[in-house]
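Q: Could you take me through a structure and show me how to read its ring pairs, its burial and its helices?

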Amino acid sequence: MAYDKDYEENNLEVADEFDEDDDPIADILYEIVTRMGFEDVDIEWEERSDHTRYFVEGEGLGVLIGRHGVTLEALQYLIGVINSRQDLVEHKIIIDIEGYRERRECSLRAQAHEEALIAVREGQEIVLEPMPACDRRIIHVCLHSDPTVETYSEGVEPERCVVIKPLIR
């Protein structure tokens with residue numbers, strides 16, 4: 001699905017009818033991003049089993065990702081607060097800008113498997129670098145079914161990190 005703001009503005013009479021291609025989160029996201037001065041922004045979304053993922057593409061959007069995804073997390077938090085206060089959609093919302101989140105998830109899964117192998121081989125706990133809760137969750141879910149290790153988080157935000165503990169020595 002794709003969001004086309006020009007179509008909506010030129011066809012206002014359609015707004016009163018249900019349109020499966022219209023999405024209130026995409027509307028809000030588009031409004032925020034364009035008011036920040038970004039033009040030619042394309043927002044697509046994909047409904048998945050437990051959430052809807054919004055893909056934001058356009059020129060120069062890297063600044064919306066921020067260092068280590070901090071700005072992206074803030075934008076997602078803002079959209080989540082707006083959604084909860086206005087009760088727009090019931091599903092979980094995940095925002096991905098220029099594919100950053102997809103790349104980050106792949107990188108974290110690879111890191112989880114590598115670190116689990118090291119933990120088992122060396123017979124020692126491996127403490128990963130501090131990371132946000134959404135990144136820690138990816139590590140935990142990735143290694144949940146691995147019978148050779150267990151994971152847990154320790155520390156206090158923003159220094160909270162994942163520990164990978166070997167079960168087999």
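A: Let us begin with burial, where buried means under 20% relative accessible area, exposed over 50% and partly exposed in between (1.4 Å probe, protein chains only). Trp 45 has 5% relative accessibility and therefore counts as buried, and Tyr 54, at 0%, counts as buried too. This is a predicted model, in which local features need pLDDT of at least 70 and side-chain atom pairs count only at pLDDT 80 or more, while totals for chains, interfaces and linings use all residues. Residues are numbered from 1 along each chain as its sequence is written, and side-chain values use heavy atoms, with hydrogens and water left out.

Q: How many aromatic pairs does the structure hold, and why is the pair of Trp 45 and Tyr 54 classed as it is?

A: Rings of Phe, Tyr and Trp (its six-membered ring) pair if their centres lie within 6.5 Å, and planes under 30 degrees apart count as stacked, over 60 as edge-to-face and the rest as tilted. The structure holds one such pair. The ring centres of Trp 45 and Tyr 54 are 6.3 Å apart and their planes stand at 35°, so the pair is tilted.

Q: Which residues are buried in helix α6, and where do they lie around the axis?

A: An α-helix has 3.6 residues a turn, so residues three or four places apart point the same way. Helices are DSSP runs (H or I, at least four residues), as are strands (E, at least two), numbered from the N terminus. In α6 (residues 133-143), the buried residues are Asp 135, Arg 136, Ile 138, Ile 139, Cys 142 and Leu 143. They cover an arc of only 155° (from the directions from the helix axis to the C-beta atoms), which puts them on the same side of α6.
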